[in-house]
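Please consult the sequence and the structure displayed below.

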Amino acid sequence: MQQPSQNELQIFLDVATEAVMTAGVILQDLCGQLEKIEEKGRPGDLVTEADQKAEATVLEILRRRVPEHQILAEESGLLGIDDSGYLWAIDPLDGTTNYAHSYPVSAVSVGLLVEGVPQVGAIYNPFRNELFRGAKGLGATLNHRPIRVSKTTQLKSSLLVTGFAYDRCETKDTNYPEFCYLTHLTQGVRRAGSASLDLANVACGRLDGYWERGLSPWDITAGIIILEEAGGKITAYDESPLILESGRLLATNGHIHHSLSRALDEALPWLQNFYSNSVV
Ligand code: IPD
Ligand code: CA
Ligand code: CA
């Protein structure tokens, strides 16, 4: 299949922007007004009227502007026929737990994969009126101003972020050991609760690195291209090429990538040693 031209990428970026901005207004209007908050299956995995209304709005815009493209939407699943090579990944409300508590860290995230590779992304946090955008070869912006990753080169000077997936109570494959170890090695590790904003905040240099497991394509497609275009690096934990479907990624400013990858590997033995030598 022929890759989209820069002109086409710009058009798709404008489509993504229209979608996140329109849905963002819905999120802002409904925040604190919700009558019904339900669990989707796993404890803590919430869905609200806001997720559904925001998703319906994004779907309506995509169907009107790019009717031939396939869509993967968090609440509606896979929609359309797969013959174009274009797949939109939509998270209508990334940071639902925050949102349900009126904690203002959540966003709408709309990304476009071309033959499985993220190429266009828009993320909008209506609570800070922040719009992050990026497209392959077109750069990355925050509120239309170019952004770049931080220059931090050492873990000891870095501020990181991670998250804990909803299966955290069902598996030993958590990132609890990594969270503890990296908290010792860095200036801090945040758990902000919105994967798309975590990636966006690495892209604009507020944070130096991010890692997480248990993610879905709608959480990360837009953030990946925005971060890449801002000069960041994204791989698997062991620095091998990212496999989107693995749901596991290491995303940094590039400078601390290798050190953070090594630290993730060292975390479990460090924690075991920490507790066995602890005096308390
Ligand atoms: C979640 C958030 C959170 C991450 C979870 C995601 P949701 O998305 O991005 O930061 O830790 O893994 O599922 O449920 O708020 O859309
Ligand atoms: Ca999400
Ligand atoms: Ca969501």
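By class, the shell around ligand 1 comprises six nonpolar, five polar and six charged residues; Ala, Val, Leu, Ile, Met, Phe, Trp, Tyr, Cys and Pro count as nonpolar, Asp, Glu, Lys and Arg as charged, and the others, Gly among them, as polar. The model is predicted: local features need pLDDT of at least 70, side-chain atom pairs count only at pLDDT 80 or more, and totals for chains, interfaces and linings use all residues. Residues are numbered from 1 along each chain as its sequence is written, chains are lettered from A and ligands numbered from 1 in the order written, and side-chain values use heavy atoms, without hydrogens and water.

**Shell and domains**
- Of the 17 residues around ligand 1, Asp 94, Gly 95, Thr 96, Tyr 166 and Glu 212 come nearest (a near residue has a heavy atom within 4 Å).
- Strand β5 (residues 86-94) contributes the most to this shell, with three residues; strands are DSSP runs (E, at least two residues), numbered from the N terminus.
- Ligand 1 lies between domain 1 (6-146) and domain 2 (155-276) because both give residues to its shell; the bounds come from an automatic or database domain assignment.

**Polar atoms and burial**
- An oxygen atom of ligand 1 lies 2.5 Å from a side-chain N or O atom of Glu 212.
- For Ala 195, a backbone N or O atom is 2.8 Å from an oxygen atom of ligand 1.
- The protein buries 95% of the 380 Å² that ligand 1 exposes when taken alone (Shrake-Rupley method, 1.4 Å probe).

Technical notes:
A polar contact is a pair of N or O atoms within 3.5 Å; within protein, one must be able to donate a hydrogen and the other to accept it, and residues adjacent in sequence count only if both atoms are side-chain atoms. Helices (H or I, at least four residues) and strands (E, at least two) are DSSP runs, numbered from the N terminus.
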